[in-house]
Amino acid sequence: MKKIFAEFLKGIIKENPTFVLVLGLCPTLAVSVTVSNGIGMGIAATFVVVGSNIIISLIKGFIPDRIRIPCFIVVIATFVTIVEMTMKTYSPLLYRALGIYVPLIVVNCIVLGRAEAYAQKNSVLNSLFDGLGMGIGFTLALILISAIREILGSGKFLGHLLFKGFEPIFLFGMPPGALLVIGLLLGLFNLLKKERV
Amino acid sequence: MNPSQLIAIFISAVFIHNVILSRFLGLCSFIAISKETRPALAMSGAVTFVITFSSIITWFIYRYLLVPFNLTYLRTIFFILVIATFVQLVEMVIRKISPALYRAFGIYLPLITVNCAVLGVAVLNVDMFFVNGKPVAGSFFYSVFQGVCVGFGYTLAMLFMSGIRERLDFAYVPKAMREFPLAFVIAAIMSMGFMGFSGFRF
């Protein structure tokens with residue numbers, strides 16, 4: 001039980017996919033314009049990584065080693081298609097806002113990375129919690145980045161106006177702002193890590 | 001098919017919606033392989049080649065397989081499988097035909113399978129040049145041309161980035177900002193420069 005809890009926690013801080021492993025940045029940067037987009041993307045990616053982790057750890061005995069990557073990709077693409085169709089039906093607004101980045105979860109390095117590095121070697125339960133931890137870590141990172149961008153870029157949080165008379169810095173809502181925010185955050189985390197050691 | 005449309009696609013794919021600096025596709029390889037110019041160029045060549053040919057293949061698959069059989073909702077699975085197979089095939093062919101070329105970009109080829117830019121362009125082509133499952137006039141040619149242009153935009157960004165990072169070797173950089181953080185800040189400044197192009201109107 002304790003081990004499972006550790007598997008769950010490591011994805012959130014110690015091996016955070018975005019800030020420590022620096023994986024899966026394309027969707028992180030592209031959709032983090034508003035917090036609601038960030039949360040939507042985070043939940044979609046969490047579902048895919050948990051689902052593919054479970055299936056891959058279940059079928060790991062049947063997959064020949066040499067063609068494992070195509071096999072993983074088919075499993076992942078299936079879950080992405082499920083997410084895509086569900087999102088299209090139940091929240092078309094979010095689907096339109098995320099655009100091509102929904103099908104692109106397939107090539108998100110986090111998902112394939114967890115399949116390759118973890119799920120194909122570990123039991124189903126462990127893989128489930130590993131996927132859940134990684135997904136939540138990814139979601140939290142997305143929320144952090146998109147909160148910074150939304151507050152600075154439009155003065156809002158989750159669509160609610162925060163300050164009166166605040167002149168928004170439009171740059172943060174645009175592509176350069178995303179790169180700047182993630183660069184400075186990575187630097188900040190490096191600094192904090194150095195001080196702790 | 002008219003020339004002004006082609007120019008619009010070119011400007012849009014290379015500058016305004018640059019695949020790396022504005023759409024953020026293929027960012028992992030962009031940050032990881034842009035430390036020196038030579039490998040950066042090899043990677044760009046490989047990516048351009050794969051994007052162009054996968055645009056051709058995915059167009060035919062979408063037009064003649066997915067649309068007639070009403071399977072368009074399976075496009076993600078089909079496209080990624082085709083791209084993965086194609087990359088594997090190219091790798092095998094290059095290894096057989098030209099060992100020198102294989103050494104130049106052989107190690108980068110497997111990475112391209114999970115390069116978002118390739119799948120991204122395939123999905124974009126389908127979104128832009130098919131209306132309700134019907135190809136627009138000149139759709140095939142536009143798709144291929146957009147593939148080439150996106151590859152060119154990728155090469156351009158890689159070339160600038162690796163040129164800047166090579167010179168940065170001699171600069172003093174605070175410890176916490178070395179490697180990734182600095183690369184992102186540079187990319188942010190480059191992206192700001194490219195944003196200037198969005199003033200173009202057609």
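A polar contact is a pair of N or O atoms within 3.5 Å; within protein, one must be able to donate a hydrogen and the other to accept it, and residues adjacent in sequence count only if both atoms are side-chain atoms. The model is predicted, and local features need pLDDT of at least 70, side-chain atom pairs count only at pLDDT 80 or more, while totals for chains, interfaces and linings use all residues. Residues are numbered from 1 along each chain as its sequence is written, and side-chain values use heavy atoms, with hydrogens and water left out.

**Exercise 1.** Determine how many residue pairs are in polar contact between chain B and chain A, and describe the interface.

*Solution.* Step 1: the count of such pairs, both residues at pLDDT 80 or more, is 3.

Step 1: helices (DSSP runs of H or I, at least four residues, numbered from the N terminus) α2 (27–32), α4 (75–97), α7 (116–129) and α9 (180–195) of chain B each supply at least two residues of the side that touches chain A. With 9 residues, α9(B) gives the most to that side.

Step 2: by class, this side of chain B has 24 nonpolar, 6 polar and 3 charged residues. Here Ala, Val, Leu, Ile, Met, Phe, Trp, Tyr, Cys and Pro count as nonpolar, Asp, Glu, Lys and Arg as charged, and the others, Gly among them, as polar.

Step 3: contact (heavy atoms within 4.5 Å) joins 33 residues of chain B to 36 residues of chain A.

**Exercise 2.** Describe how α1(B) packs against α8(B).

*Solution.* Step 1: helix α1 (residues 3–16) and helix α8 (residues 139–168) of chain B pack at about 35°, with axes 8 Å apart. Axes are lines fitted to C-alpha atoms over the stretch in contact, and angles run from 0 to 180 degrees between N-to-C directions.

Step 1: residues of α1(B) including B:Leu6, B:Ile9 and B:Phe10 meet residues of α8(B), among them B:Phe141 and B:Phe145.

Step 2: this contact has 13 nonpolar, 3 polar and no charged residues.

Technical notes. Chains lettered and ligands numbered in written order.
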